[in-house]
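Student: Hey, could you walk me through this one? I'm new to it, so let's take it a piece at a time.

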Amino acid sequence: MKSLKLLGLSAIVAVTALTGCKPKGTETAVSGDAAQKVYVAPGKYDEFYNFVSGGFNGQVNVYGLPSGRLLKVLPVFSVNPENGYGYSEETKPMLETSHGFIPWDDQHHLSLSQTNAEVDGRWLFANANNTPRVARIDLKTFKTVEILELPNSAGNHSSPFLTENTEYVVAGTRFAVPMDDANGDVPIDSFKENFKGVLSFIGIDQQTGGMDLSFQIEAPGINFDLSHAGKKKSGDWFFFSCYNSEKANTLLEVNASQNDKDFIMAVNWKKAAELVKAGKGRKVVTEYAHNTWDESTHSATSTMKKEVVVLSVEDMKEAMFMIPCPKSPHGCDVDPTGEYIIGSGKLAALIPVFSFDKMIKAIADKNFAGEYDGVQVIKYEAALHGEVQKPGLGPLHTEFDGKGNAYTSMFVSSEVVKWNIKDLKVLDRQPTFYSVGHLMIPGGDSGKPFGKYLVAYNKITKDRYLPTGPELAQSAQLYDISGDKMKLLLDFPTFGEPHYAQALPGDMISKNQVKFFKIADNKHPYATKGEAESKVVREGNKVHVYMTSIRSHFAPDNIEGIRVGDEVYFHVTNLEQDWDVPHGFAIKGNENAELLIMPGETCTLKWIPKKPGMYPMYCTDFCSALHQEMQGYVRVSPAGSNTPLIYSLNNKKDNAQSPVKEGETK
Ligand code: K7E
Ligand code: CUA
C-alpha cells in the first residue's frame with residue numbers, strides 16, 4: 001500500500017490533489033463519552049486481542065481493544081532483539097529460505113483460523129510479502145511455529161487467506177514471473193509470453209495445524225492483489241482481485257491503469273483439489289524451505305522441498321472464471337452470508353458488489369463476454385448485484401458488522417463509509433486521520449463478526465502526535481459501530497506500518513494459555529536440568545557451556561581457559577518454570593548480543609572471542625531484587641595458550657577440568 005501514497009496524478013485525473021481531501025474537525029468527530037468507552041481500568045483486561053500486521057518491520061503486533069495498548073510484538077519474519085528470535089541458534093532456521101537466511105521481510109495480512117466460518121482462536125497465519133512465505137503462529141504460546149516458502153511466486157501479497165474450516169491457506173503472487181522450471185533469464189519485455197501468475201494452496205493438518213503446499217494453479221500473468229474465500233454457500237470458492245490486466249512491465253502507475261476494468265478471479269478450490277487427487281497437473285521441480293518449530297526442544301529445523309504439483313488454465317477450465325471489475329481492484333471481500341463479493345477499484349468512482357448466485361447462474365448459462373488467456377470471462381452485468389454510487393475516493397478494503405452493513409476504507413478521501421449491502425445505500429461516513437488503508441472489525445471477514453468496534457489503520461498521521469520526524473508514527477483509530485452512526489473513540493500509534501489485522505474476544509485465547517513450563521519436559525539436546533549438571537566441555541576449538549540460570553545467579557559464573565579463536569556455545573537453561581520469569585544472557589563483545597531464555601527452556605548463544613581479556617556476562621532481564629547481582633566473568637587467553645579450562649560457582653573449583661589437547665573430548 002505504500003505505493004498508493006505515490007499514486008500518480010496522471011492515473012487519477014479526477015482527484016485534484018491527494019492531500020486536498022483532508023477531513024477537518026477532529027474535536028467535533030469525537031463524542032463526549034469516548035474516553036469512558038475506551039478506558040480499561042488498571043488491573044482489568046481488554047475485551048479483544050487485536051493482531052496487527054507490522055508492515056515493513058516484518059512482525060505482528062498484539063494490541064488490546066478498546067484501550068489500544070500494545071501488549072506484545074510477535075517476531076515472525078524479522079529478527080527480534082527483544083527476545084533473540086533469529087539470533088539464537090535455535091531460532092535461526094525459522095528464517096532460512098531457498099535464498100539463504102533472510103533477517104527482515106515485509107508483513108501485510110493476517111488470518112485467524114476458522115471453524116464453520118467462525119474464528120476459533122487456534123492459529124494465526126501471516127504473509128511475508130517480499131520473499132514469498134506464509135507463517136503460522138500458535139496462539140497458545142504466541143510463537144511462530146512454522147514458515148513455508150512459496151515457489152513460482154514473487155511478492156506474496158494476496159496472502160494468507162483461509163477457507164472457512166481452515167482446510168487451506170491460500171496465497172496469490174503479486175508479481176507475475178517465469179515459472180521456476182522455466183528459464184527466468186529472459187528479456188523483461190517478453191512478459192506476455194513468459195510471465196505467469198501463480199496461486200498457492202497450502203493444506204492444513206486439522207489437528208496439528210501443520211502446513212504443506214498441496215498444489216498451485218498457473219494462472220495468466222496478471223498481478224494478484226488480495227483475496228478472500230467464499231463462505232457458507234460460496235464456501236467452495238476463492239475470489240482474487242487482479243490488476244494489471246494490461247500486462248505492463250514498466251511504469252505500471254500509467255500502463256496498468258489503461259483498462260476500464262480488470263478482474264475478480266473466482267476459483268473453485270474444491271474442484272481444483274479433486275483434479276489434483278485425480279492426477280491432473282504437472283510436477284514442477286523447484287526449491288522452497290519448510291521451517292518448523294519443535295516446542296519440546298524449542299528448536300527450529302529447516303528442510304528444503306523440491307517439487308510441487310501445478311494445475312494449468314486448461315486443467316481448470318470448469319473451475320476458474322474471471323469477472324470484470326472496475327478499475328485496478330485492491331480489496332476483495334466476501335460478506336458474512338457468502339453471497340456478496342466486493343471488489344474495491346482504487347481508481348473507480350463506485351464500488352461493484354457481485355452476487356454469488358448470479359455468478360453461478362452466469363456460468364451455467366454460459367453468459368460469457370469472451371476469454372482472457374484461456375479463462376472464461378463472465379459478463380459484468382450477469383454477475384453484478386449492483387454498484388454503490390459515490391462512496392468516496394480510492395476505495396480499498398471492506399469489512400462487515402454481521403448486521404447487513406459493509407464498511408469501506410477510502411484512501412484518497414480519508415474516510416470510512418458505511419453502506420447497506422442489499423440496497424447499496426450509503427448510510428454514514430466518518431473521517432479518518434489520514435489516508436486509511438485496511439479496516440478491521442473483530443471477526444469482520446468471517447461468517448460471524450463481532451460488530452461492536454471498527455479499527456481504521458492509517459498511513460499518514462501528520463499532525464496527530466508529537467512529531468518524531470522524519471518518519472512519523474502510523475496510526476490506528478477505533479470507532480464504536482454499535483449504533484446507526486459510527487463514533488470515533490480513540491487514536492493510537494502503531495508499531496511499524498499496519499496493513500490488515502484480525503481480532504477476537506480475549507477469553508478465546510487467554511483460557512488456553514500455558515502457565516507452567518516443566519523443566520522435565522525440556523528435550524533440548526544441550527539442556528542442563530539442575531545446577532549440579534552444569535559444566536563446560538571442550539571439543540577441539542568448540543566449547544560447550546552447559547549453563548543454568550535461576551534467580552539470581554548463573555551456574556557456572558566463572559569460566560577460564562577459553563582461547564581466542566574458540567567457538568563458544570552458551571547453552572543456557574532457565575530453571576524457572578513459571579510463565580513469567582525469563583532470564584537474559586549477554587556477554588561483552590558478542591556480535592549476536594543477547595538471549596532471552598523463556599522458563600523451562602534452553603537457548604544457545606554462539607560467541608567467537610577475538611581478543612584475550614576479561615569478558616563480563618550478565619542477565620539482561622530484571623528478574624528479582626538481586627538481578628543486578630546476576631553476573632559473572634569469562635577469561636579469554638591467547639590462541640594456543642595453556643590456561644586450564646576451569647569453571648565454578650562460588651569458588652568451588654572441584655569441577656575443574658585439566659587442559660584438554662586439541663581434538664580431545666572431555
Ligand atoms: Cu491495502 Cu498490502 Cu492489504 Cu496495505 S494492502 S493497506
Ligand atoms: Cu535473571 Cu536478571
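Student: Where is Asp-445 in the chain?
Tutor: Asp-445 sits in the loop that runs between strand S30 (436-440) and strand S31 (453-458). Keep in mind that this is a predicted model.

Student: Okay. What's the nearest side chain of opposite charge to Asp-445?
Tutor: That would be Lys-231, 6.6 Å away. Asp-445 is buried, yet it has no salt bridge. The cut-off for a salt bridge is 4 Å between a Lys or Arg side-chain nitrogen and a carboxyl oxygen of Asp or Glu.

Student: Then which side chain does the side chain of Asp-445 make a polar contact with?
Tutor: Gln-502, and the distance is 3.4 Å.

Student: Which residues is Asp-445 in contact with, leaving aside neighbours within four places in sequence?
Tutor: Gln-114, His-228, Lys-231, Glu-399, Tyr-500 and Gln-502. So Lys-231 is in contact with Asp-445, but there's still no salt bridge for that Asp, because a salt bridge needs those particular charged atoms within 4 Å.

Student: Switching topic: how many residues surround ligand 1, and which are closest?
Tutor: 11 residues surround it, and the closest are His-108, His-109, His-157, His-438 and His-499.

Student: And how does that shell divide into nonpolar, polar and charged?
Tutor: There are 2 nonpolar, 8 polar and 1 charged around ligand 1.

Student: Which backbone oxygens does the side chain of Asn-127 reach?
Tutor: One is the backbone oxygen of Asn-156, 2.8 Å from a polar atom of the Asn-127 side chain. Another is the backbone oxygen of Ser-159, at 3.3 Å.

Student: What is Asn-127 in contact with, apart from neighbours within four places in sequence?
Tutor: Quite a list, including His-108, His-109 and His-157. Others in contact with Asn-127 include Phe-77, Asp-106 and Arg-133.

Student: Now Asn-116 and Ala-117. Where are they?
Tutor: Asn-116 is in the loop between strand S6 (110-115) and strand S7 (118-128), and Ala-117 is in the loop between S6 and S7 too.

Student: What's their phi like?
Tutor: Asn-116 has a positive phi of about 50 degrees although it isn't a glycine. Ala-117 isn't a glycine either, and has a positive phi of about 65 degrees.

Student: Where are the cis peptide bonds you'd point out?
Tutor: One runs from Leu-65 to Pro-66, with omega near 15 degrees. Pro-66 is in the loop between strand S2 (60-65) and strand S3 (70-74). Another joins Phe-433 and Tyr-434, where omega is about -10 degrees. Tyr-434 lies in the loop between strand S29 (426-431) and S30.

Student: Last one: why does Gly-392 count as buried?
Tutor: Because its relative accessibility is 17%, and buried means under 20%. Gly-392 is in the loop between strand S25 (384-389) and strand S26 (395-400).

Student: How far apart are Gly-392 and Ala-349?
Tutor: They're 43 residues apart in sequence and 7.2 Å apart in space, C-alpha to C-alpha.

Note on methods: Residues numbered from 1 in each chain as written. Chains lettered and ligands numbered in written order. Predicted model: local features only at pLDDT ≥ 70, side-chain atom pairs only at ≥ 80, totals over all residues. Heavy atoms only, no water. Helix = DSSP H or I, 4+ residues; strand = E, 2+ residues; numbered from the N terminus. Buried < 20%, exposed > 50% of the residue type's maximum accessible area, 1.4 Å probe, protein only. Lys, Arg positive; Asp, Glu negative; His and termini not counted. Polar contact = N/O pair within 3.5 Å; in protein donor to acceptor, adjacent residues only side chain to side chain. Contact = heavy atoms within 4.5 Å. Near = heavy atom within 4 Å. Nonpolar A, V, L, I, M, F, W, Y, C, P; charged D, E, K, R; others polar.
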